[in-house]
Amino acid sequence: MTAMPESIRIRNYIDGQWIDEPGVKTIPLFNPSDGKQIGEVPLSTEAASRKAHRILPHGLRGMASAAHCSTREISLRLAPGHGGTSRGSGVRDRHRPGQAHQRGPRRGAAGHRNHRDRLRPPHADPGRDSREHRRQHRRPGGAPAPGCLLRSGSVQLPGAGLRLVHPLAIGAGNTFVFKPSPQSPYFMQKMCEIFTQVGLPPGVVNVVNGDHVPTAAWYDDPRVRGICMVGSSPTARKIAEAAGRAGKRTMLLGGAKNYLVAMEDLQWDVFMRTTSTPAMGPPASDAWPARSWPPCPDIHDELIERIIAASRKIKIGSALDPTVHFGPVISAEAKVKIEGLIEIGVRKDKARLVLDGRNPEVPAEIQGGYYVGPTIFTETTPEMTIVQTEIFGPVVAVMKVENLDPRAQAHPRPGGRQRGLRLHQNLYYTEKFIAEADVGMVGVNVGVPAPHPYLPFGGIKQSLVGTDKAQGKDGIDFFTQNKIVTVRFAPPAAGRHTAEGAKDAVAPKTSAVKSCTAG
């Protein structure tokens, strides 16, 4: 098992320096694997947040002058040598076993490379007048004045949120301030060390820890051009309202519910390999797993038997143990909430609990950790609380449906929808499901339908507050500003008008153009 430091020191990171804010209150930081305190998190003030804002012009100047170390090169440097570092910090922040985070830095670097290519302005458009051309010029979202784009870190997904934001934000020339969740701040501490090692100029990335207090400084500061967040839908709506009053752009990814539709012609080996593991795996893994499964009647009973058998084989334990697939949830409060929703499923929803993951067996030395094992409900319906609610825990609700149309409509109308998964081999019904499923992202015969970075990422309805999703063209639009350029010109040798109005082909005395009229 990987060793855990006896104490973790959490500090702010501003202008490339580690900063302690004296006299502020702190809250304890716990290791979710054993429930022991491992550090304290400072609850920074508005003053600390504003100090980070004042650094932003310095960061912009540093990026502009770092010709020897382009932002593209910096992002690519994150790929080769730091995967283990980010994985280690991830499991200390929350429950995820180390091996689950391997795709992160490489995916971010690859996305950065694609996005940088897309940011290049096109060549001059041919017009009827060869002396005139038009083009669209993109500049950083915070330029030319000092600017930044901030994000509030997700409790469950500190690493994934950063990967969705930093490649485009930095690649497009922005500086930003990152406020991680006070329950999972360690990941950003390690990432700031990496940013320093790879040569990111000071002030480009800044971190301010705390609760909601530092965010109050975001809205009235003209240097803050936009706000990003990955978190809950209620928090996203509050940020949208405050940012809207201040005229700031937002990229807000809220809560979501993911669904998996299993058809009778699915291939069971594909199902078990790509679906049961992420769905019953760590609740904050890269999967954002499907928690509601509507299989067709022909395979309903067999599907339940298979996922129960697979779930019973899952090894539960410390996130620092490389042999463990299934670690704890993020906090004691999260454990209580998940177990409360399981109780609601039994008593209020009257669903059938076929596998109860409460109080799983774990080694004695980690029994103080926050563990919930795989939990499976059957005989569920779309209006039930356990189906409607995004449960950040290993709880799956299986619904029996009779045909394709109800399955396509099974997603609860009021809530947010992020992903719909489908497992079968019929191309006609695949396209029908893609067209009719009311979700933001669709996957077919895959466990995780998260797109590559050159495509947008995000849900719909209450899962997406605003218009811009992360990644892809949406991300480029968010992190840049459009400047439309129209230029008309004539070479000096083409002639000029004399005082009498006659046009004479008079060669210029010098090749230097001394004014915008050139004579």
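How many disulfides does a search of the whole structure find? The search finds 0 disulfides, a disulfide being counted when two cysteine sulfur atoms lie within 2.5 Å. A disulfide is a covalent bond between the sulfur atoms of two cysteines. Cys 192 is buried at 1% relative accessibility, and Cys 228 is buried with a relative accessible area of 1%. Here buried means under 20% relative accessible area, exposed means over 50%, and partly exposed lies in between (1.4 Å probe, protein chains only).

The model is predicted, and local features need pLDDT of at least 70, side-chain atom pairs count only at pLDDT 80 or more, and totals for chains, interfaces and linings use all residues. Residues are numbered from 1 along each chain as its sequence is written, and side-chain values use heavy atoms, with hydrogens and water left out.

Helices (H or I, at least four residues) and strands (E, at least two) are DSSP runs, numbered from the N terminus. Helix H6 covers residues 186-197, and its 12 residues should span 16 Å at 1.5 Å a residue. That expected span is 1.5 Å times one less than the number of residues. The end C-alpha atoms of H6 are 17 Å apart, which agrees. Of the 12 residues of H6, 9 are buried, so the helix is largely enclosed by the rest of the structure. Among the buried residues are Tyr 186, Phe 187, Cys 192 and Phe 195. After H6 comes Gly 199, with a positive phi near 90°.

Strand E8 (residues 176-179) is covered on both faces: Phe 176 and Phe 178 are buried on one side, Val 177 and Lys 179 on the other. E8 pairs with strand E9 (residues 205-207) in the parallel sense over 3 bridges, where pairing requires at least two bridges found by DSSP. The chain runs from E8 through H6 to E9 in a right-handed β-α-β crossover. Right-handed means that, with the strands pointing away from the viewer, the path from the first strand over the helix to the second runs clockwise. Within this pair, Val 177 stands opposite Asn 206 in E9.

**An open sheet**

Another sheet is open and has 3 strands in the order E1-E5-E4, with mixed pairing. Strands E1 (8-9) and E4 (26-30) are at the edges with a single partner strand each, so one side of each has no neighbour in the sheet. E4 pairs with strand E5 (residues 37-42) in the antiparallel sense over 5 bridges, and Thr 26 stands opposite Pro 42 in E5.

**Salt bridges**

The whole structure holds 13 salt bridges, each a side-chain nitrogen of Lys or Arg within 4 Å of a carboxyl oxygen of Asp or Glu. The table gives some of them.

| Pair | N to O distance |
|---|---|
| Asp 20 and Arg 9 | 2.3 Å |
| Arg 223 and Asp 221 | 3.1 Å |
| Arg 306 and Glu 302 | 3.0 Å |

Asp 20 is partly exposed at 42% relative accessibility, whereas Arg 9 is exposed at 54%. Arg 223 is partly exposed at 24%, while Asp 221 is buried at 3%. Arg 306 and Glu 302 are 4 residues apart in helix H9 (residues 297-312), which means that about one helical turn separates them. Salt bridges that share partners also join Glu 343, Arg 347, Asp 356 and Arg 358 into one network.
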